[in-house]
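Thanks for coming, everyone. I'd like to walk through one model this morning. Have a look at it first.

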Amino acid sequence: MKINTLLFDLDGTLINTNDLIIESFLHTLHTYYPDQYVREDILPFIGPTLYDTFSTINPEKVEEMITVYRKFNHEQHDVLVTEYETVFETVKALKEQGFKLGIVTTKIRDTVNMGLKLTKLDQFFDVVVTLDDVENAKPHPEPVLKALKQLGSSPEEAIMVGDNHHDIEAGKNAGTKTAGVSWSVKGREYITSYKPDYILEKMSDLLPIVGEK
């Protein structure tokens with residue numbers, strides 16, 4: 001069946017929020033545990049929900065830590081977020097060719113909207129499924145299936161694109177094809193180990209995969 005739908009993770013896939021996320025975690029953790037965490041310690045925290053991550057660190061202060069994280073994250077957002085090579089042009093081309101486009105993310109909607117507006121990607125997406133919209137976050141298939149339903153697409157017609165194992169597993173669990181991005185902050189080998197159907201060296205690699213030049 002021909003691919004007509006593309007679902008994208010946001011952070012680390014469409015927009016480079018890695019520095020923002022890492023600095024937000026370091027700020028939060030240093031607030032509670034001064035000088036106990038360094039940048040390398042943060043990498044495993046990228047991908048899961050904030051609730052899941054902070055629950056493993058201090059179950060009694062999860063909500064408080066999330067509030068500290070989000071305050072810093074929102075204040076520093078426009079300073080630290082940058083774009084990846086060929087993302088804007090590729091998404092624009094896919095939209096113009098009539099593909100159905102959606103975002104499936106574990107972020108809350110306010111933060112998602114900030115990133116899409118900053119990078120001017122907001123004009124291209126018909127559907128955005130955030131953490132606010134689901135009971136179960138990725139890698140559960142619910143967010144992917146919800147986006148597909150809203151787009152009027154079936155899993156067989158779709159590719160889920162992401163930089164984290166949550167994205168690849170969510171796509172597989174929902175029955176879509178999957179594409180991992182080699183610019184994952186955790187490294188190309190990491191994302192390849194989850195056996196996505198495709199590996200993208202840059203976002204424009206999607207175009208020949210879906211039959212576009």
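This is a predicted model: local features need pLDDT of at least 70, side-chain atom pairs count only at pLDDT 80 or more; totals for chains, interfaces and linings use all residues.

Let me start with a question.

One is aspartate 35, with phi near 60°. Aspartate 35 sits in the loop between helix 1 and helix 2 (39-42). Its relative accessibility is 74%, so aspartate 35 counts as exposed. The other is lysine 120, where phi is again near 60°. You'll find lysine 120 in the loop that runs between helix 6 and strand 5. Lysine 120 is exposed too, at 53% relative accessible area.

One more backbone point. Lysine 138 and proline 139 are joined by a cis peptide bond, with omega about 15°. Proline 139 belongs to the loop between strand 5 (127-129) and helix 7.

Now the aromatics. The structure holds 10 aromatic pairs. Take tyrosine 37 with phenylalanine 45. Their ring centres are 6.5 Å apart and their planes are at 55°, so this pair is tilted. Both tyrosine 37 and phenylalanine 45 are buried. Next, phenylalanine 54 with tyrosine 69. This pair is edge-to-face, at 6.2 Å centre to centre and 70° between the planes. Phenylalanine 54 is in helix 3 (residues 50-57) and tyrosine 69 is in helix 4 (residues 62-80), so the pair ties together parts that are 15 residues apart in sequence. Phenylalanine 54 is buried, at 0% relative accessibility. Tyrosine 69 is buried as well, at 7%.

Ring pairs link them with Phe25 and Tyr33, giving Phe25, Tyr33, Tyr37, Phe45, Phe54 and Tyr69.

Tyrosine 69 also comes up from another side. Look at isoleucine 21, in helix 1 (residues 18-32). Isoleucine 21 is buried, with a relative accessible area of 8%. Setting aside neighbours within four places in sequence, isoleucine 21 is in contact with Asp11, Ile46 and Tyr69.

On the helix 4 side we have Asn73, His74, His77 and Asp78. They meet Asp110, Thr111, Met114, Gly115 and Leu118 of helix 6. What is the make-up of this contact by class? It has 5 polar, 2 nonpolar and 2 charged residues.

Finally, the cores. A general point for context: in soluble globular proteins, nonpolar side chains tend to be buried together. Here, the largest nonpolar core has 31 residues. Which members touch the most others? Phe8, Leu14 and Phe125. Several elements each supply at least two residues: strand 1 (5-8), helix 5 (87-96), strand 4 (100-104), helix 6, strand 6, strand 7 and helix 10 (206-209). Helix 5 gives the largest share of this core, 3 residues.

Zoom in on leucine 14. Not counting residues up to four places away in sequence, leucine 14 touches Phe8, Asp9, Tyr84, Val87, Val91, Ile103, Leu121, Phe125 and Met203.

There is also a second, separate core, of 18 residues. It includes Phe25, Phe45, Phe54 and Met65. Among these, Phe25, Phe45 and Phe54 are members of the aromatic cluster.

That's my tour. Happy to go back to any part of it.

Terms used. Residues are numbered from 1 along each chain as its sequence is written. Side-chain values use heavy atoms; hydrogens and water are left out. Rings of Phe, Tyr and Trp (its six-membered ring) pair if their centres lie within 6.5 Å; planes under 30 degrees apart count as stacked, over 60 as edge-to-face and the rest as tilted. Buried means under 20% relative accessible area, exposed over 50%, partly exposed in between (1.4 Å probe, protein chains only). Helices (H or I, at least four residues) and strands (E, at least two) are DSSP runs, numbered from the N terminus. Contact means heavy atoms within 4.5 Å. Ala, Val, Leu, Ile, Met, Phe, Trp, Tyr, Cys and Pro count as nonpolar, Asp, Glu, Lys and Arg as charged, and the others, Gly among them, as polar. A nonpolar core is a set of buried Ala, Val, Leu, Ile, Met, Phe, Trp, Tyr and Cys residues joined through side-chain atoms within 4.5 Å.
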